[in-house]
There are 2 protein chains.
Amino acid sequence: MAASGDIEALIEMMARLPGLGPRSARRAVLHLIRKRARLLQPLAEQMAAVAATARECINCGNIGTAELCEICTDSRRASGQICVVEEVADLWAMERAGVFKGRYHVLGGTLSALDAVGPEDLRIPRLIDRLGEEAVSEVILALNATVDGQTTAHYLADEIGARAEVTSLAQGVPVGGELDYLDDGTISAALKARKKV
Amino acid sequence: MAASGDIEALIEMMARLPGLGPRSARRAVLHLIRKRARLLQPLAEQMAAVAATARECINCGNIGTAELCEICTDSRRASGQICVVEEVADLWAMERAGVFKGRYHVLGGTLSALDAVGPEDLRIPRLIDRLGEEAVSEVILALNATVDGQTTAHYLADEIGARAEVTSLAQGVPVGGELDYLDDGTISAALKARKKV
């Protein structure tokens, strides 16, 4: 390679990011070097800052910069509702929608017999503890509509059902979705859950 | 957003990289934070190192860590051949092919009447200087087969033709290419440049 060792090492590190391969990593690094004062230097500093401060909230598993995340410390969000999601990315997606005003609980994955992931490997014991500590009236399961996600939802409903009301996101036709492009399972779920107009 | 200001700022910076958008930047940053000790911290350090040391070779425009790049300082590459490319990425592509053993000259773009890019805006004056300074017998034009690339090639051939032999990469059927999927221009160029078997 014509690039020097340092640059080559940077390209290899960037190529390991999800969404980037060797070719796009090279393009990104060249772009960064071309604008090194305005882009590469600030990005390096920002990464170092996040690497030093980012941590998981000990209560809900969200990522923040303190022991408790901004949502767990915000008393306006003590609505008695906990929304259970698989990953932090799902929490961010819920927040972008901007309709949920309660708190979250990030499991950190799903139960999986195949990968030998049991309740103790996820943040499930902590969720059960929270039901006792916080005044929780409703647990909303916002897990992915995959086999593992639904298995986990059933398990949680069994475990928690006696202590709080357990609900889950509605399944149906996505907004803007066309019937012709939907799978049979979604159409069948939407039909079963049909509502009076 | 649920992410703290620092993390949000990092996502915004990453989203500006070519090949990454807001969604993939979020995924990349979450991935980095999850592996912050093994990935984010080293990446921040590597970026800072490159930001501090990367610079353009004053002779050919390649990116390296010294005033003269590794190719310009390598006496084994004083073959009397200079390969002219548009961007550093093209130089890297040539080096990956591993067949050219001479030196390079990175123009930094192409002439463009539309964008008001003239010879003085590119590294063309320096190329002409090099013809006098180094014992150059052949200038190989490895410019993109675009309108601007070919315009630049014609301009360079006119300027340099009297001082050194000017050649350009062959046009034809790419290796592994299927005639049925090639455009008419390529087929026509390949037919014109046909060779005895």
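Glu138(A) is found in strand β5 of chain A, which covers residues 138-141. Helices (H or I, at least four residues) and strands (E, at least two) are DSSP runs, numbered from the N terminus. The structure is a predicted model, in which local features need pLDDT of at least 70 and side-chain atom pairs count only at pLDDT 80 or more, while totals for chains, interfaces and linings use all residues. Residues are numbered from 1 along each chain as its sequence is written, chains are lettered from A and ligands numbered from 1 in the order in which they are written, and side-chain values use heavy atoms, with hydrogens and water left out.

Glu138(A) is buried yet has no salt bridge. Buried means under 20% relative accessible area, exposed over 50%, and partly exposed in between (1.4 Å probe, protein chains only). A salt bridge is a side-chain nitrogen of Lys or Arg within 4 Å of a carboxyl oxygen of Asp or Glu. The nearest side chain of opposite charge to Glu138(A) is that of Arg77(A), 13 Å away; Lys and Arg count as positive and Asp and Glu as negative, whereas His and the chain ends are not counted. When neighbours within four places in sequence are left aside, Glu138(A) is in contact (heavy atoms within 4.5 Å) with Gly80(A), Gln81(A), Ile82(A), Glu165(A) and Thr167(A).

Arg77(A) itself forms a salt bridge with Glu95(A), with 2.9 Å between the closest N and O atoms. This pair links distant parts of the chain, 18 residues apart: Arg77(A) lies in the loop between α4 and β3 of chain A, and Glu95(A) in helix α5 (residues 88-97). Both Arg77(A) and Glu95(A) are buried. The loop between α4 (70-73) and β3 (81-85) of chain A is also the place of Asp74(A). Asp74(A) is buried, at a relative accessible area of 18%. Between Asp74(A) and Arg16(A) there are 58 residues in sequence and 36 Å in space, C-alpha to C-alpha.

Over all chains, 12 salt bridges are found. One of them joins Glu56(A) to Arg123(A), the closest N and O atoms being 3.3 Å apart. The two residues are 67 residues apart and link distant parts of the chain, with Glu56(A) in strand β1 (residues 55-56) and Arg123(A) in the loop between β4 (103-106) and α6 (124-133) of chain A. Glu56(A) is partly exposed, with 38% relative accessibility, and Arg123(A) is partly exposed as well, with a relative accessible area of 22%. In chain B, the side chains of Arg123(B) and Glu56(B) meet in a salt bridge of 3.3 Å, N to O. Glu56(B) counts as partly exposed at 37% relative accessibility. In chain A, Arg103(A), Arg130(A) and Glu134(A) are linked in a network of salt bridges.

The structure holds zero disulfides over all chains, a disulfide being a pair of cysteine sulfur atoms within 2.5 Å. The sulfur of Cys72(A) is 3.7 Å from the closest cysteine sulfur, in Cys60(A), and is therefore too far away for a bond. Cys57(B) is likewise in no disulfide, the nearest cysteine sulfur being that of Cys72(B) at 3.8 Å. Cys72(A) is buried at 11% relative accessibility, and Cys57(B) is buried at 3%.

Ala116(A) is not a glycine, although its phi is positive, at about 55°. This residue is in the loop between β4 and α6 of chain A and is exposed, with a relative accessible area of 60%. Ala116(B) also has a positive phi of about 55°. Ala116(B) is placed in the loop between β4 and α6 of chain B and is exposed, with a relative accessible area of 62%.

Chain A is superposed on chain B by a rotation of 180° with 0.0 Å of shift along its axis (RMSD 0.1 Å); copies are superposed by least squares on the C-alpha atoms of residues with pLDDT of at least 70 in both. The two copies are thus related as by a two-fold rotation axis. Ala44(A) comes closest to this axis among the residues of chain A, at 2.3 Å (C-alpha). Because 100% of the interface residues of chain A are also interface residues in chain B, the copies meet through the same surface. Within chain A, the domain assignment gives domain 1 (5-53) and domain 2 (77-168), the bounds coming from an automatic or database domain assignment. The C-alpha centres of these two domains lie 35 Å apart.
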